[in-house]
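I opened my notebook to look through one structure, step by step. Here is what I looked up, in the order I looked.

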Amino acid sequence: MSLQMVTVGNSIALIQPGFSLMNFDGQVFFFGQKGWPKRSCPTGVFHFEVKHSHLKLKPAVFSKDSCYLPPLRYPATCTFSGNLESEKPQYIIHGGKTPNNELSDKIYVMSVVCKNNKKVTFRCTEKDLVGDVPEGRYGHSIDVVYSRGKSMGVLFGGRSYIPSAQRTTEKWNSVADCLPHVFLVDFEFGCSTSYILPELQDGLSFHVSIARNDTVYILGGHSLANNIRPANLYRIRVDLPLGSPAVECTVLPGGISVSSAILTQINNDEFVIVGGYQLENQKRMVCNIISFKDNKIDIHEMETPDWTPDIKHSKIWFGSNMGNGTVFLGIPGDNKQAVSEAFYFYTLKCAEDDVNEDQKAFTSSQTSAEDPGDSTPFEDSEEFCFSAEANSFDGDDEFDTYNEDDEEDESETGYWITCCSTCDVDINTWVPFYSTELNKPAMIYCSHGDGHWVHAQCMDLAERTLIQLSEGSNKYYCNEHVEIARALQTPKRVQSLKKPPLRSLHKKGSGKIITPAKKSFLRRLFD
């Protein structure tokens, strides 16, 4: 095992606890920045490349038919290949926290629709669920099992906010363990079913999960209600016959007490557990290797990396699996120094380079509760843990590297501005208002004076009106300047209608006479 420090450019502020890494055909992508995405990367998804111990983040794009994907932190994710070998791998994303500190209960599916030597284009779709829909949560796991030619998602554990009736101003963000139910999710039809298994008595979060064929293994985790990290090892087996699915749980010996650990796969039958916590105020510095042979699981300690003094002495650490047996780790910077980075980052290599790409087992994600500034430093820390296969990077750098300094001065160019006296758009609370919006509020240009940008939402513009004004070349004046603009405008000259002579209204031979009252009415009609 080798540990290497990584330098990050100006994009270092994007990497905060709770991020996630996804691997598509050997390319790793970063998702889950803190805060809403900016215009230079409206999707909030970045190509994540480490070369010569230097990390570069390069913006990725979504297809036009993609749904809006908020920058979720601490979600549960897993890979999904479908039932056909020809289907391309997809990533399933469930739960997580939005920048508004809300918990998501949605399921998103991410897939690659276009890939060339310059960029990768993703498609993101939202999956609607019916039945026993799991509540919004974090710190849980989602995996995919395969049985009898069919597939099914398995969701377990996590934490959620306490019920609304129990929430007060002081305890608004208080969380509790989710019920120890196992959810089976059919990604094809969007059906979700909850199962109660007697072996699962306590809600667990920040656990490790591994899916192999029709079985999911649940290892470790933290019970908030009892404040313990039980050394449990559960085997959940799912049978998918033509009728109703059958779910059974078995308690296995040989578990370990760990929470918020990072899991990486080094070959088809071996995984490595890195990091995590064994006590509330004590990091777990020991690494374990998990081996599968003849449908049996074996867990034992392995060689300890040569941790640096900074890693040993830091109170928290976080990170994610890059694939190919490599883990990306972060620790807080030293606040005692006059000039200090917010975080320092390392890569830990647990395997050799020649990893079999055809990995059949996929692992899922477990995430932590709070940001370092929001919580005590020891709370099951700020981990995002999942595993996916990956290959080493090769090829030349043909992407534009994201640079926060390249962002324009938004106080002048729009979006996050106070556009009028009643403007209520806030960068920290804004959510899409129009269907045409993806990553920023809709703007319209007021033509008064030198012109300025205003939010369509603040101007009470209907979406239909907004689209018409945006497509045309007509001038628009905001609510504060519309009266001034009207005074400056010259009314358009309207050509008057030609009035027919009244005598022509009397038809020859009709014998009808136009009375003075009728003449007066007709004049008013044509005038």
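**A hairpin to start with**

I began with glutamine 265, whose bridge partner in β22 is phenylalanine 271. I reminded myself that this is a predicted model. Next I looked up how the strands β21 and β22 are arranged: they run antiparallel, and five bridges join them. The hairpin from β21 to β22 passes through two residues. I also checked how covered β21 is, and five of the six residues in this strand (262-267) are buried.

**The eight-stranded sheet**

In what order do the strands of the open sheet come? I read off β2-β3-β4-β5-β1-β29-β28-β27, eight strands with mixed pairing. Then I looked for the edges: β2 and β27 each have a single partner strand, so one side of each has no neighbour in the sheet. From one strand to the next, the twist averages 35°.

I zoomed in on one pairing. β3 and β4 (residues 45-51) are antiparallel, with three bridges between them. Across this pairing, phenylalanine 30 stands opposite phenylalanine 46 in β4.

**Aromatic rings**

How many aromatic pairs are there? I noted a count of 21. I picked out phenylalanine 19 and phenylalanine 30: their ring centres are 5.4 Å apart and their planes meet at 25°, under the 30 degree cut-off, so this pair is stacked. Phenylalanine 19 sits in the loop between β1 and β2, while phenylalanine 30 belongs to strand β3 (residues 27-31), and the two are eleven residues apart. Are they buried or exposed? Both phenylalanine 19 and phenylalanine 30 are buried.

My next pair was phenylalanine 80 with phenylalanine 187, which is tilted, with 5.3 Å from centre to centre and 50° between the planes. This pair links distant parts of the chain, 107 residues apart: phenylalanine 80 is in strand β7, and phenylalanine 187 is in the loop between β15 and β16. Phenylalanine 80 has a relative accessible area of 11%, so I wrote it down as buried. Phenylalanine 187 is buried too, at 6% relative accessibility.

Lysine 97 lies over the face of tyrosine 138, 5.5 Å from the ring centre. Lysine 283 does this with tryptophan 317, at 5.4 Å from the ring centre.

**The annotated site**

Last, I turned to the UniProt record, an unreviewed entry, which lists Cys446, His452, Cys478 and His481 under "binding site". Why do I say that they gather at one spot? They span 36 residues in sequence, yet no two of their C-alpha atoms are more than 10.9 Å apart, so they come together.

Histidine 452 is in strand β34 and is partly exposed, at 23% relative accessibility. Beyond its neighbours within four places in sequence, histidine 452 is in contact with several residues, including Cys446, Cys478 and His481. Histidine 481 is found in the loop between α3 and α4, and with a relative accessible area of 17% it is buried. Leaving out residues up to four places away in sequence, histidine 481 touches Cys446, His448 and His452.

Note on methods: Residues numbered from 1 in each chain as written. Predicted model: local features only at pLDDT ≥ 70, side-chain atom pairs only at ≥ 80, totals over all residues. Heavy atoms only, no water. Buried < 20%, exposed > 50% of the residue type's maximum accessible area, 1.4 Å probe, protein only. Helix = DSSP H or I, 4+ residues; strand = E, 2+ residues; numbered from the N terminus. Pairing = 2+ DSSP bridges. Phe/Tyr/Trp six-rings, centres within 6.5 Å; stacked < 30°, edge-to-face > 60°. Lys NZ or Arg CZ within 6 Å of the ring centre and 35° of its normal. Axes fitted to C-alpha atoms, helices over the stretch in contact; angles between N-to-C directions. UniProt positions renumbered as here; feature names shortened; annotations may be inferred. Contact = heavy atoms within 4.5 Å.
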